[in-house]
Amino acid sequence: MKSPLIKITLISVIFISLVPPMNKLHSTGVNTGSAPITLADSTRQNHESSEDSLITIVAVGDIMMGTNYPSEECLPPRNTALLQPIGEILKNADISFANLEGPILDAGGKAKRCVDQSKCFAFRQPEYFLPELKAAGLNLFSVANNHMSDFGRPGRDNTCKVLRENGFHFAGLEQCPSDIIAVKGVRVGFTAFAPNAPCLSVNNYKQVTETIAALKQQCDIVIVSFHGGGEGSRYAHVPRRHEQFYDEDRGDVYAFARVAIDAGADVVLGHGPHVTRAIDCYKGRFIAYSMGNFCTYGQFNLKGISGIAPVFKLHIRKDGSFVYGNAISIKQINEGGPLVDSANQAFRQIQTLTAADIPELKVNYGRNGYFSFQ
């Protein structure tokens, strides 16, 4: 008969053999909740005392806060503050970026015509949204997307005019290809691309390279945005090839990101699929392949994964290299408008998709949405 001590020892050996090593647990995409300190957590803690030496970027996906076309019934009630629930998150950064999904125009312009009207949406956002965008802390917009020409040249011209008058920075059209913003003593350049004319083309790599390289000569850091990839829940994965959607070449977003970084980009921010996609890191530079629907009132499908998205808070050095990030999960319900998601669904989605689509990437996931790269 074995002694009690021997029994306890055998049980301990069996139990220990079933528990995976701690470093493996925290680098495979498992959200550990209140688990012990991880590599991502320690990276954040090591740099918190030197935040003044880092540039902080908050980045979100698509914003379309309501359209007065085809009817004002498509607008939220006039005094609805859609961005208020997460305003403090957006303000707490040096740069706060979003994709402006459609022109800003009170009236006029000619709505686009589509062969298949069931697949056609025309957005026209009224100017009275601008004070709320500014109050929320947003200061940088991409105007390169498939809805910016929904009301033709009048819509594009007025969008550029009112954004400039209200002190916003923006880029992505042939008439406004790039912009520069000064932050903490460094010059941050911005440009954006899409598969739709008259945007800078996501498929013209010569134009991509020349635009970014020229901007890099003038700036310390370059942020690049792209609108690309298929749309909807069937297009959550990054296929590493050109994506066709509605008979349109929506680009090879994996290749585009690498062309952009090779040309001098330091941060690459994707949108267009209306769902969250994987994250990536190339040459020490951060890539988000799609940031999903952020604040999209009324006209967007918000079911399932289309209703969840990350708010990325990125910390980069003044040379553009990535240090660590935070993916704060938000959700949209009913007609839309972002709310913090305590279930962290978008963060979990990022972990799952990144493991599936970029399996060679070594990501350290921490608590409360923090992440870093090995």
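This is a predicted model: local features need pLDDT of at least 70, side-chain atom pairs count only at pLDDT 80 or more; totals for chains, interfaces and linings use all residues.
Residues are numbered from 1 along each chain as its sequence is written, and side-chain values use heavy atoms, without hydrogens or water. Local features need pLDDT of at least 70 and side-chain atom pairs count only at pLDDT 80 or more, whereas totals for chains, interfaces and linings use all residues.

Helix 8 spans residues 253-263, and eight of its eleven residues are buried (under 20% relative accessible area, 1.4 Å probe, protein chains only); helices are DSSP runs of H or I with at least four residues, and strands are runs of E with at least two, numbered from the N terminus. Among the buried residues of helix 8 are Tyr254, Phe256 and Arg258. The packing partners of its buried residues include helix 7 (205-218) and strand 10 (267-271). At the start of helix 8, the backbone nitrogen of Tyr254 has a side-chain oxygen of Asp252 within 3.2 Å. Gly264, with a positive phi near 130°, follows the helix.

Phe312 is in contact (heavy atoms within 4.5 Å) with residues including Phe286, Asn326 and Phe371. Asn326 is found in strand 15 (residues 322-332) and is buried, with a relative accessible area of 8%. A polar atom of the Asn326 side chain lies 3.3 Å from the backbone oxygen of Gly369.

Conventions. Buried means under 20% relative accessible area, exposed over 50%, partly exposed in between (1.4 Å probe, protein chains only). A polar contact is a pair of N or O atoms within 3.5 Å; within protein, one must be able to donate a hydrogen and the other to accept it, and residues adjacent in sequence count only if both atoms are side-chain atoms. Lists of a residue's contacts leave out its neighbours within four places in sequence.
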